[in-house]
Amino acid sequence: MRWCPGSVLHLLRTVRFQLCCRRGKNRLPLWIREIWAYVRLLVQSLYFSSLTDSDVVFDSIFEPVFVTVDYVTRWFGMVFVCLVVILTSSIVVIAYLVLLPLVLNTYSPAWIAWHICYGHWNLVMIAFHYYKAAKTSPGYPPTERNNRPFVSVCKKCIMPKPARTHHCGICNRCILKMDHHCPWLNNCVGHFNHRYFFSFCLFMTLGCVYCSISGRNLFLDAYNAIETKYQTSAPPYTFKDKMFHKTIIYMWVLTSTVGVALGALTMWHAVLISRGETSIEKHINSKERQRITKCGKVYKNPFNYGRLNNWKVFFGVEKRSHWVTRVLLPSGHAPHGDGLTWDIFPVKKHLIPV
Ligand SMILES: [Zn+2]
Ligand SMILES: [Zn+2]
C-alpha cells in the first residue's frame with residue numbers, strides 16, 4: 001500500500017470520527033484519545049504492508065534462525081567439500097591397496113576384467129560429475145535491464161525474477177531454475193548444473209552399492225575374525241591382519257550407509273525429474289494443486305512434457321546415441337534453453353523424432 005499525504009489525512013479524519021462516535025463509552029478526554037490514536041497510527045505505519053501475510057510473519061520471526069543457518073552453511077561449505085573428497089579418496093585408496101591385489105590373486109580373468117572396467121568407469125563418472133557440479137555456475141538472471149519476460153520481483157535483490165528462478169539465502173542472489181543449495185557441493189543446484197548434480201548422486205550411489213555388494217563376504221569374514229579374536233584370545237592375530245579387517249569393515253559400513261542415504265535422495269530427485277519439477281516447485285505445485293482442486297479444476301504443471309520427454313530434456317538427449325555419449329559417458333554439453341525463458345514445447349521441436 002502506498003502512503004500519500006491525502007490518504008494519511010483521510011485516515012486521521014476517520015479516526016477522529018470514530019472517536020467522536022465512541023465518546024459516550026470512554027471517559028478519557030477527547031484530546032488524549034486523539035493523541036493515542038495518532039501514536040497507534042504512527043506505529044502501525046512503520047510496519048504495515050498490504051502484502052503482509054502469514055508467510056511474511058513466519059519469515060520475520062524466524063529470520064535470525066535462517067540467517068544463522070545460512071551463515072553456518074556458507075562458512076562450512078569448504079569443510080563439507082573436503083569431507084566428500086577425503087572420504088571418497090579413502091575408499092579409492094582401500095580399493096587399490098587392499099582389494100585390487102586380492103582380486104588379482106584370487107578371481108578368474110573374467111571377474112578381474114569386470115571389476116577393473118566397471119570400477120574405473122564408475123570412478124571417472126563420480127569424479128567428473130562432482131567436479132562439474134561444484135564448479136559450474138548454476139546460472140543467474142541478468143543484472144542489466146532488458147526485455148526478457150519475468151514473473152515476479154525478488155524482494156531481496158529488488159530485481160525481476162524469470163520463471164522458475166528463486167532466491168538463495170546462502171549465495172545471497174537469485175538462481176535460475178533453482179533446485180536447492182547443496183552444502184556438499186558448496187554450490188547452488190540450478191539450471192546449468194542440475195544434470196551434473198543428479199548424475200553425481202546416481203553414480204556415487206552405484207559406486208557405493210557396488211562396493212557394498214562386492215565387499216559383503218570380505219566384511220562378514222573380517223567381522224567374524226574380530227569377534228572370534230575378542231571371545232577367544234588363542235589364535236595369532238597380527239597387526240597387519242587387524243588393520244586389514246578394520247579397513248574392510250570401515251569401507252563396508254561407509255559405502256553401505258552412504259549407498260542407502262544417497263540412494264533414497266537420488267530416487268526422490270528421479271521422481272521429481274520424471275514429473276518435470278524441481279524440489280522448490282514440488283512444494284509450490286502441491287499448494288497450487290490443492291488450490292485449483294478446490295475450485296473444481298485440474299492443475300497442470302506447465303514444465304511437465306511427459307515422463308520420458310522430461311528425462312530427455314533433463315539429460316539433453318536429442319538422438320538415441322546421446323543416451324550413451326551424454327548419459328553413460330562424461331559429457332559437458334549445455335542444458336536445453338538459457339534458463340530465462342521456458343519454451344512450452346521444446347520436446348516437440350527437438351526431441352520427439354528420436
Ligand atoms: Zn534474489
Ligand atoms: Zn545457493
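## Helices and the predicted model

Helices here are DSSP runs of H or I with at least four residues, numbered from the N terminus.

## Cavities in the model

Counting cavities of 30 Å³ or more gives two in this model. The largest cavity has a volume of about 260 Å³, while a volume of about 40 Å³ is found for the second largest cavity.

## The largest cavity

Eighteen residues line the largest cavity, and those that lie nearest its centre are R164, K177, N310, V313 and F314. Three helices, α5 (194-214), α7 (239-275) and α9 (307-315), each contribute at least two residues to the lining of this cavity, and α9 provides the largest share, with three residues.

The lining of the second largest cavity is made up of H191, F192, N193, H194, R195 and Y196, together with F314, H333 and P335. Among the helices, α5 gives the most to this lining, with three residues. Four of the lining residues of the second largest cavity are nonpolar, four are polar and one is charged.

## Elements found at both cavities

F314 is listed among the residues nearest the centre of the largest cavity, and F314 also belongs to the lining of the second largest cavity. Helix α5 likewise supplies at least two lining residues to the largest cavity and three to the second largest cavity.

Key. Residues are numbered from 1 along each chain as its sequence is written. Chains are lettered from A and ligands numbered from 1 in the order in which they are written. This is a predicted model: local features need pLDDT of at least 70, side-chain atom pairs count only at pLDDT 80 or more; totals for chains, interfaces and linings use all residues. Side-chain values use heavy atoms; hydrogens and water are left out. On a 1 Å grid over the protein atoms alone, a cavity is a set of points where a 1.4 Å probe fits but cannot get out, and a pocket is an open set with protein on both sides within 12 Å along at least five of seven lines; lining residues have an atom within 4 Å of a point. Grid points are joined across faces, edges and corners, and a volume is the space filled by probe spheres set on the points. Ala, Val, Leu, Ile, Met, Phe, Trp, Tyr, Cys and Pro count as nonpolar, Asp, Glu, Lys and Arg as charged, and the others, Gly among them, as polar.
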